[in-house]
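I opened my notebook to get to know this structure one piece at a time. Come along and look with me.

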Amino acid sequence: MSENQNLLAEQRRALILDEVRRRGGARVNELTRRLGVSDMTVRRDLDALARQGVIEKVHGGAVPLFEASSHEPGFEAKSGLEPGAKEEIARTAASFVAPGTAIALSGGTTTYALAQQLLDVPDLTVVTNSVRVADVFHAAQQMSGLRADSATVVLTGGVRTPSDSLVGPVADRAIGSLHFDLLFLGVHGISASAGLSTPNLAEAETNRRLVGSARRVVVVADHTKWGTVGLSSFAALDEVDTLVTDKGLPEQARTEVAEQLRLVVAGETEPESQSASESPSESDGRA
């Protein structure tokens, strides 16, 4: 299957998921008429969505499968979801980073992918509460040797979550004493009403500290995160400067996002290098 066909499949599945969630279910024959594709194509799409754990297949169609708002999948489980989209998002987000700047990377599989795209950016200071992200930089330095322009990595302390993030009072105090130019934030869920959310209460507080310490906030999230709401909200959409997502984000969601913040769709929108080169007077006033 070609890359274009893959992208079309992701867009189609996003539309199917939106229809299933909006109506509480959908039948195969309805989806084939709406999308103009064969029964077999729709059934393959439903199989793929069922493997992601977002729908349940029933006779003749599908119904939404909602996880408990307090359920937190582990890092390995999340790594297998939308890997192509995460790589595209990571490549696009990496273009925002200029040499010599201080950035923060939250926990998550998309920020993990982003870390791998930043290894060749010189003189970075990287603040992270992600064990996985810190390991990316550490492993690269072990393999190539510590160069004079290697990234300086500050790993916060804290209690480890199922997604390998460090949270809690120790992490909160460390982050609260720092200031960085740009925060890349992975999220469990994002919606117009709930904003950014997570199922982990301690992680929500740590994420609030990250947002409060950043001059600019960039959320990196694939289209499946839209409409998901975790137990605790930690930021409203108007606290975010930019959302970097993939082509699967439905049109209605794009409209809602674009009303409140800058939307960058990996592979569609040309990102402008912005974060580090701006002076404080050009920023939005965030500490």
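**Entry 1: a loop asparagine.** I began with the side chain of N200, which has a polar atom 3.0 Å from the backbone nitrogen of A202. I count a polar contact as a pair of N or O atoms within 3.5 Å; within protein, one must be able to donate a hydrogen and the other to accept it, and residues adjacent in sequence count only if both atoms are side-chain atoms. N200 sits in the loop between β11 (195-198) and α9 (201-212). Helices (H or I, at least four residues) and strands (E, at least two) are DSSP runs, numbered from the N terminus. Is N200 buried or exposed? I found N200 buried, at 16% relative accessibility; buried means under 20% relative accessible area, exposed over 50%, partly exposed in between (1.4 Å probe, protein chains only).

**Entry 2: ground rules.** The model is predicted, so I note that local features need pLDDT of at least 70 and side-chain atom pairs count only at pLDDT 80 or more, while totals for chains, interfaces and linings use all residues. Residues are numbered from 1 along each chain as its sequence is written, and side-chain values use heavy atoms, with hydrogens and water left out.

**Entry 3: the strands around β11.** I followed β11 to its partners. β11 pairs with strand β10 (residues 189-191) in the antiparallel sense over 3 bridges; two strands pair if DSSP finds at least two bridges between them. A hairpin of 3 residues joins β10 to β11, and S191 stands opposite G195. β11 also pairs with strand β13 (residues 232-235), antiparallel and over 3 bridges, with T198 opposite S232.

**Entry 4: two open sheets.** Next I traced an open sheet of 7 strands with parallel pairing, in the order β6-β5-β4-β9-β12-β14-β15. Its edge strands are β6 (152-155) and β15 (262-265), each pairing on one side only. Neighbouring strands of this sheet are turned by 20° against each other on average, direction ignored; the axes are lines fitted to C-alpha atoms, and angles run from 0 to 180 degrees between N-to-C directions. Within this order, I looked at β9 (residues 180-185) and β12 (residues 214-220), which pair in the parallel sense over 5 bridges. F184 has V218 in β12 as its bridge partner.

Another open sheet has 3 strands, ordered β1-β3-β2, with antiparallel pairing. β1 (26-27) and β2 (55-58) stand at its edges with a single partner strand each, so one side of each is left without a neighbour in the sheet. I found 4 bridges joining β2 to β3 (residues 61-64), and K57 has A62 as its bridge partner.

**Entry 5: a cavity.** Among the lining residues are I190, H223, W226 and L249.

**Entry 6: two more residues.** From L249 I turned to E10, 239 residues apart in sequence and 9.1 Å apart in space, C-alpha to C-alpha. E10 is in helix α1 (residues 3-23) and is buried, with a relative accessible area of 19%. D123 has a positive phi of about 60° although it is not a glycine, and is partly exposed at 44%.

Terms used: On a 1 Å grid over the protein atoms alone, a cavity is a set of points where a 1.4 Å probe fits but cannot get out, and a pocket is an open set with protein on both sides within 12 Å along at least five of seven lines; lining residues have an atom within 4 Å of a point.
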